[in-house]
Amino acid sequence: MSEKPLVGLNADFRVANRDGAAFTYVASGYFDSITKAGAVPVILPPLGENDDIERILDRLDGMVLVGGPDLDPRRDGFMLHPTVRQMDPRREDFDRRLVKLIAQRRMPVFGIGVGMQLLNNVCGGNVFLHLPEDLPSSIPHRDPLDPGHRHALEVEPGSLMERIYGEGEIRVNSFHHMAIDEVAEGFRVTARCPDGVVEAIESTDADWFAIGTQFHPESDSASALDLRIFEEFVEATKHVPAAMRLVA
């Protein structure tokens with residue numbers, strides 16, 4: 001029997017306060033979905049040295065970038081918006097270094113929520129900071145009173161998203177107020193909300209399996225069909241030569 005792929009997961013980070021010590025944590029939906037898709041999840045803490053990250057990536061077959069708080073827009077040349085709920089700097093420092101190394105290696109990667117925004121930004125794209133202001137005609141993409149809030153999704157023909165969901169309109173969960181504006185070079189949009197907001201991207205490079213979803217296929221409000229995204233990702237990790245995961 002062949003060995004299961006090892007799939008890394010970055011993690012959220014919370015600083016110490018008077019109520020407790022600092023700690024790293026991951027919502028169980030991420031590692032449960034990876035396990036159900038046939039891989040072994042490996043949770044990475046926010047490491048401070050690139051050499052340490054490289055050593056771990058040498059042993060992994062792919063990487064899932066989890067959701068979480070917002071990226072600091074000042075790191076991408078934009079002003080801080082009052083609605084931004086910033087990610088802890090220790091996590092963001094690590095995440096940005098991690099994605100740069102993943103991109104150099106062309107390692108299979110799946111970004112979810114802010115993980116997709118991170119993948120896009122590190123590769124040269126940018127994001128809208130607050131949809132109600134930047135795209136006032138957009139529908140609500142976050143409902144604080146309804147964690148199961150969903151909206152329609154239109155998928156692009158010939159994309160991975162179409163292979164998973166089929167033709168026509170589907171519905172997905174929605175928890176965000178930021179979204180991709182300019183798509184990074186080497187990526188294409190493969191799903192949008194009917195209001196035009198980007199909900200999925202994938203690499204146009206045949207040698208790099210890199211995908212992202214703004215919605216959360218790992219969450220309790222996801223549909224049974226959403227697991228297939230993880231299955232497609234895990235399958236892709238099985239077909240990447242080890243040499244391609246090394247830094248060129």
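1. The largest cavity is lined by Leu71, Asp72, Pro73, Asp76, Phe78, Arg96, Asn121, Asn126, Val127, Leu129 and Met178. A cavity here is a set of points on a 1 Å grid over the protein atoms alone where a 1.4 Å probe fits but cannot get out, and lining residues have an atom within 4 Å of a point. By class, this lining has six nonpolar, two polar and three charged residues.

2. This is a predicted model: local features need pLDDT of at least 70, side-chain atom pairs need 80 or more, and totals for linings use all residues. Residues are numbered from 1 along each chain, and side-chain values use heavy atoms, without hydrogens or water.

3. The structure holds two cavities of 30 Å³ or more. The largest has about 50 Å³ of space. Volume means the space filled by probe spheres set on the points.

4. Lining the second largest cavity are residues including Leu160, Met161, Thr190, Glu202 and Ile229. Helix 6 (160–165), strand 12 (198–203) and strand 13 (210–213) each give two or more residues to that lining. Helices (H or I, at least four residues) and strands (E, at least two) are DSSP runs numbered from the N terminus.

5. Helix 3 (residues 89–105) has 17 residues. Its buried residues (under 20% relative accessible area, 1.4 Å probe, protein chains only) include Arg91, Phe94, Arg96 and Leu98. Arg96 also lines the largest cavity.

6. Look at both ends of helix 3. Aspartate 88 caps the N-terminal end, with a side-chain oxygen 2.9 Å from the backbone nitrogen of arginine 90. Just after the helix, arginine 106 takes a positive phi of about 60°.

Definitions and conventions
1 Å grid on protein atoms, 1.4 Å probe; cavity = no way out; pocket = protein on both sides within 12 Å on 5 of 7 lines; lining within 4 Å. Nonpolar A, V, L, I, M, F, W, Y, C, P; charged D, E, K, R; others polar. Expected span 1.5 Å × (residues − 1). Buried < 20%, exposed > 50% of the residue type's maximum accessible area, 1.4 Å probe, protein only. Polar contact = N/O pair within 3.5 Å; in protein donor to acceptor, adjacent residues only side chain to side chain.
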